[in-house]
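Dear colleague,

I am passing on the structure below, and after it you will find my notes on what came out of the geometry. Please read them with the model open beside you.

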Number of protein chains: 2
Amino acid sequence: METVTHFAQEGTLVSDRHTDVPTNAAIAPQPAPPATPLAEVAPDDSNSCQTVNEVLARIGDKWSMQVVMSLGRGPLRFNELRRRIEGISQRMLTRTLRGLERDGLVSRKVTPSVPPRVDYALSTMGMSLRDPVMALGGWAIEHRHAIAMARSAFDDAQEEG
Amino acid sequence: METVTHFAQEGTLVSDRHTDVPTNAAIAPQPAPPATPLAEVAPDDSNSCQTVNEVLARIGDKWSMQVVMSLGRGPLRFNELRRRIEGISQRMLTRTLRGLERDGLVSRKVTPSVPPRVDYALSTMGMSLRDPVMALGGWAIEHRHAIAMARSAFDDAQEEG
DNA sequence: CTGAATCCGTCAAGATACTG
DNA sequence: CAGTATCTTGACGGATTCAG
């Protein structure tokens, strides 16, 4: 799994990719999705855990989810995203967007003008990710207080130990 | 967020906690859960993103989710868990379990016998986490092929660039 | 404006060995 | 069996600088 956690290892993206326009042609319409019947893999066996963990490793990093959520309302430009996320460096935003684009979750559209304009948007698959993530978000919101309480109770028990 | 990503900073858990039995008394029955009405926070504003990201940071690490899923069927002892996860070091398993216990997701029951016996089990809250995670797992299973295809397409486009 | 390239500090993972 | 202690490593992320 660690082979997919990090992206393209810093400096391997040496190419002129930042000037070609229709990069998203490969991800925009997915003509025949393999469509695993979802019953082929029991949802709680270890195989599933593996797959879940890959996704978690993908979106569980510090920024990916914030990017996906920020893009949920509509396309944004690079610096719009940057301002909306507040705290991300442009390097991390670039890396995060590359990773999401690589996995087909985000499409990237370059308008070669001066100044250049790049719009990022969620792909269809990216949009579909919002639902399960919102479910998780609902869980988080419901239990955040219980978690905070358990956490301080645990920490108190540690100190007095 | 980075303040909750890592646990108790390596060596601060210096105490005799590994011999007291009823540690789970603080987390087992949550008498009056604060129960945020879930409409108090819009599910897609940035506040929600923040909370979601905390949860993601908590369970999105390399092992937590596998532990939760492995425990989903029932309690397990330390080495049973270790064998079931395959690849985790005992240190990481210990740390992961500590983190989950701290957040009230996992209960720990020590039987002071020789040899010692420690059973880990999901708390009520831990069980409730399984559903949204399974939803995410479903998404992962559905889209894993599309992701793999997008990924190799992207990588190919890089090399030929 | 939208990045890429580089340097660099920090911290978490993993291996190993030891303890009760 | 169920951990803890210690060390090493390298990935991650930030700041800065340069470029199209």
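Glu86(A) lies in the loop that runs between helix 4 (78-85) and helix 5 (90-102) of chain A, where helices (H or I, at least four residues) and strands (E, at least two) are DSSP runs, numbered from the N terminus. Its phi is near 60°, which is a positive value in a residue other than glycine. Glu86(A) is exposed, with a relative accessible area of 66%; here buried means under 20% relative accessible area, exposed over 50%, and partly exposed in between, with a 1.4 Å probe and protein chains only. In chain B, Glu86(B) is found in the loop between helix 4 (78-85) and helix 5 (90-102), and this residue has a positive phi of about 60° although it is not a glycine. Glu86(B) is exposed, at a relative accessible area of 65%.

As to conventions, this is a predicted model, in which local features need pLDDT of at least 70 and side-chain atom pairs count only at pLDDT 80 or more, while totals for chains, interfaces and linings use all residues. Residues are numbered from 1 along each chain as its sequence is written, chains are lettered from A and ligands numbered from 1 in the order in which they are written, and side-chain values use heavy atoms, with hydrogens and water left out.

The helices on either side of the Glu86(B) loop also pack on one another: the axes of helix 4 and helix 5 of chain B come within 11 Å and cross at roughly 115°, the axes being lines fitted to C-alpha atoms, for helices over the stretch in contact, with angles that run from 0 to 180 degrees between N-to-C directions. That makes helix 4 of chain B roughly perpendicular to helix 5 of chain B (under 35 degrees counts as roughly parallel, over 145 as roughly antiparallel, 65 to 115 as roughly perpendicular and the rest as oblique). Phe78(B), Leu81(B) and Arg82(B) of helix 4 meet Gln90(B), Leu93(B), Thr94(B) and Leu97(B) of helix 5 in chain B, contact meaning heavy atoms within 4.5 Å.

In chain A, the axes of helix 3 (residues 64-71) and helix 5 come within 10 Å and cross at roughly 75°, and these two helices are therefore roughly perpendicular to each other. Ser64(A), Val67(A) and Val68(A) of helix 3 make the contact with Leu93(A), Thr96(A), Leu97(A) and Leu100(A) of helix 5.

Turning to the strands, strand 2 and strand 3 of chain B pair in the antiparallel sense over six bridges, two strands being paired if DSSP finds at least two bridges between them. A hairpin joins these strands of chain B through five residues, and Lys109(B) has Asp119(B) in strand 3 as its bridge partner. Pro115(B) is placed in the loop between strand 2 (106-111) and strand 3 (117-122) of chain B, and the peptide bond that joins Val114(B) to Pro115(B) is cis, with omega about 0°. In chain A, the bond from Val114(A) to Pro115(A) is cis with omega near -5°, and Pro115(A) is found in the loop between strand 2 (106-111) and strand 3 (117-122) of that chain.

Finally, Ala153(A) is in helix 6 (residues 124-160) of chain A and counts as partly exposed at 31% relative accessibility.

Best regards
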